[in-house]
Amino acid sequence: MFGGLINLVQSATIGPPPKDVPPPTPVRLPQCNPQLPGSSEGESQSQPSLVRFLQRLHRPNELSEAHFAALGVHVHTDASAEDVVPNSSYLPSSSDWNGLDLDGARRKDETFRRPLSNGNLSPEARVYLERRNELSVANQAAFRTVRRIKPEPGKQQPRLGNCYEFFKQMELMAAYWDDTSLPPLSTGSEEEPPPLPRRPHAEDANPGQPEQGVAPAGPEPSTRPQPDLEAKPKELERVTHRTSPGAQMPAEFRHNFIAAFVKLVAYDFGCNVNPPRVEPRLQLLAPPRKSKSPFPPTQMASYFPSGCVFLCRSPMTREAARAGIVEGPIAAVSARNTTNFSTPADSNIDFGRELVAALITAQHRAREGQKEKRFGEDKWWATEKRWGGGEGGPIGREVDGDSIVGDKDSTVPISERQAGGTTSPAEKAGPSQPQQKGRTLPIPMRGQPLNKKPRKNLSIYDNYRMVRLPSSNWDKKTKYIAIGKDKGTDYDDIFVLSSLFHHLCVLRVRVPRRLLEVLGGEPDVKSDAGERSWGKLEMWRSKWFDLFIIEERLEAMRLLWGMMAWVMRKEGDGDGGANEDVAMKDV
């Protein structure tokens, strides 16, 4: 109720650094970049079925490089922004924005703005310039604005604008991570007393006296200015201090921090970060086994869950937006809370989570124009009762003859129901009805009171006994569309916004359509040379951007802007790919 008053009671002063602070959590990024060997013949022949090989995974620590090799994963590490975005012409220039004013930005709109798939134009160059200026604010100066602390003498209060939420989430993370934009604190700086003012030298006080002895204390040294101290540049005063190790930071802090950064660009393109209503799952369906049995072949279905969220396009109609309908997904946002990557197994697990998020996004985008086919549909084990092959009938509490199946809260004794006794009108009367003279309502011995409404939904017991299909994995309020996919290609470029510590990385995964068919239950047919039918799973990984550093978060925003401009482009707007038809002149 009073949660909104927290910002009003924050201290307007900066306190001293805390004492007895635990050591910081070291920032060691995972190093798992599988490379596809020149020949995959031996690996392909050793694993006849990809899905069955993946379904043998029961624990995360069982994941190894052999699973990545079976998928054909090939990673390009530290890829530039021009390599991550399929068409580099959608990336803003990196050198023409320094010192540019608003009038100069407006003159760029003719070549900067492009039509989007939602019918609008891409954001103006002025918007991109404003985001750069807002993200260029120093962290400690922005924290003063968030905490409502007066700026330093001689400086103006920075205007955060749309980046206020981003710096607000960063200020929360600063309690667990050191601000890397500032020089590290010395080990004994917290225990040292403040330095005393410099004592003037003897020759400065009186040139005629020798240097021996102590200069007399008088009005002359106190009134003498100290140009050396004034000329020395002052270190930026720290507003936040780390009080806990980064390993103890709640997971939602990182998610909110990354979501706030992504929304700075996604909002202007008509997109938003939406948490899924249905748990994201990578569906795996094994191909049918060949057997001589007269029964139909069986298939085993399983899934890998993921904690990612999706970047989706917002609908253009107001009614659909109010109903919560989204379109896409466009990309996956995977913020993980792991901080220890001391062994190769830890790096493999983290890379597996990124890969699962990419494949789930590819499966969702491939649902465009298709109807849901739930596993077990029209199967006997999901439609027919099979309680031991008997004639059926009541079991358990149903033998007692409850009026409501499985109702353990009934007030009528079992002996009366078995004897077929009737209930008097006074007993049927509720607490609001008048009672008969000389008669009182019976006191219930167990269960719910008489004035409580009966249960409307099924009990756990009745819900267990129902024979039905597994739960649906399709979101009814999501319009599955492969936004930004090149028409006529047999692959889909999937983007994953990966986050660890206070860093961000952008991945582009080229998922072949044939791979999705194999994961969906199609037979995995290999060539005579033992090569995979889908070729390889190629990935481009950008560098890890430290969002605490101004220069790196500006690079990350430029890459994110180019990604959104390419994905949200209008169909046929000059993709610049290999499948684009080029108009030939003078033919």
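How many nonpolar, polar and charged residues does the lining of the largest pocket have? In this predicted model, the lining divides by class into 19 nonpolar, 13 polar and 16 charged residues. The largest pocket holds about 1700 Å³ of space, and among the 48 residues that line it, Q283, L285, K373, F375 and G520 lie nearest its centre. Several elements each supply at least two residues of this lining, namely the strands β3 (281-285), β4 (301-305) and β8 (491-500) together with the helices α15 (344-365) and α19 (513-519).

Helix packing can be followed through α13, which spans residues 251-266. Helix α9 (residues 164-173) packs with α13 at an angle of about 155 degrees, with the two axes 9 Å apart. Because angles over 145 degrees count as roughly antiparallel, α9 is described as roughly antiparallel to α13, and the crossing of this pair is left-handed. On the α9 side, the contact is made by E165, F166, Q169, M170, L172 and M173, while α13 contributes F253, R254, N256, F257, A260, F261 and L264. By class, this contact has nine nonpolar, two polar and two charged residues.

Helix α13 also packs with α20 (residues 550-567), here at an angle of about 50 degrees and with the axes 9 Å apart, and the two helices are therefore oblique to each other. In this pair α13 passes α20 in a right-handed crossing. The contact is formed by F261, V262, V265 and A266 of α13, which meet R553, A556, M557, L560, W561 and M564 of α20; by class, it has nine nonpolar residues, no polar ones and one charged residue. Residue F261 of α13 takes part in the contact with α9 and in the contact with α20.

Notes:
Residues numbered from 1 in each chain as written. Predicted model: local features only at pLDDT ≥ 70, side-chain atom pairs only at ≥ 80, totals over all residues. Heavy atoms only, no water. Axes fitted to C-alpha atoms, helices over the stretch in contact; angles between N-to-C directions. Helix = DSSP H or I, 4+ residues; strand = E, 2+ residues; numbered from the N terminus. Parallel < 35°, antiparallel > 145°, perpendicular 65-115°, else oblique. Left-handed = near helix turned anticlockwise from the far one by under 90°. Contact = heavy atoms within 4.5 Å. Nonpolar A, V, L, I, M, F, W, Y, C, P; charged D, E, K, R; others polar. 1 Å grid on protein atoms, 1.4 Å probe; cavity = no way out; pocket = protein on both sides within 12 Å on 5 of 7 lines; lining within 4 Å. Points joined across faces, edges and corners; volume = space filled by probe spheres on them.
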